[in-house]
Amino acid sequence: MSNAGVPIKLLYEAEGMKVTVEMKNGEIYRGLLVNAEDTMNMTISDVVRTARNGQVSKLPIVYLRGSGVRFIALPELLKNAPVFKKVANMKKRAETVKGQGVKRKRE
């Protein structure tokens with residue numbers, strides 16, 4: 001997990017929360033995120049699946065392959081996730097260093 005990017009770390013933070021996942025084939029899955037992987041593969045429980053034609057079905061557990069994911073809707077609660085604070089601190093440090101240019105003598 002240490003080499004994972006911000007989106008993957010945010011997905012890990014969402015474990016144990018309700019998520020909505022839209023797949024590239026148009027299916028939508030909504031349920032409790034049980035487990036996530038660096039490849040965006042995920043296990044979701046208590047799932048409500050909406051097929052492309054609108055048919056709704058309930059499933060106890062589903063494993064979704066990350067390469068088939070179009071997008072993931074995460075809870076609003078995650079906007080205060082520690083991952084974003086780290087990114088903000090990194091950005092501040094980068095701006096501070098950027099503003100400290102090397103001064104040269106004019107001849």
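1. Buried is used here for a residue with under 20% relative accessible area, exposed for one over 50%, and partly exposed for those in between, with a 1.4 Å probe and protein chains only. By that criterion, 29% of the 107 residues of the chain count as buried. The model is predicted, so to speak of local features requires pLDDT of at least 70 and side-chain atom pairs count only at pLDDT 80 or more, while totals for chains, interfaces and linings use all residues. Residues are numbered from 1 along each chain as its sequence is written, and side-chain values use heavy atoms, with hydrogens and water left out.

2. The chain has 2 helices and 5 strands, which follow the order α-β-β-β-β-β-α from the N terminus on. These elements are DSSP runs numbered from the N terminus, helices being H or I of at least four residues and strands E of at least two. The chain exposes about 8000 Å², of which carbon and sulfur atoms supply 54%; the areas come from the Shrake-Rupley method with a 1.4 Å probe, and for residues only the protein chains shown count as cover.

3. On pairing, which requires at least two DSSP bridges between two strands, strand β1 (residues 18–23) is antiparallel to β2 (residues 28–36) over 5 bridges, and Lys 18 stands opposite Leu 32 in β2. The hairpin of β1 and β2 has 4 residues between the strands, and Gly 26 there takes a positive phi near 95°. β1 also pairs in the antiparallel sense with β5 (residues 69–73), over 4 bridges, and Ala 73 in β5 is the bridge partner of Thr 20.

4. A nonpolar core is a set of buried Ala, Val, Leu, Ile, Met, Phe, Trp, Tyr and Cys residues joined through side-chain atoms within 4.5 Å. The largest such core has 20 residues, of which Val 21, Leu 33, Met 42, Ile 44 and Leu 64 touch the most other members. Two or more residues are given to this core by each of α1 (6–13), β1, β2, β3 (42–50) and β4 (56–64), with α1 giving the most, 4 residues.

5. Contact here means heavy atoms within 4.5 Å. Leaving aside neighbours within four places in sequence, Leu 33 is in contact with residues including Leu 11, Val 19, Met 42, Thr 43 and Ile 44.

6. Thr 43 lies in strand β3 and is buried, with a relative accessible area of 16%. Not counting residues up to four places away in sequence, Thr 43 touches Leu 32, Leu 33, Val 34, Asn 35, Ile 61, Val 62 and Tyr 63.
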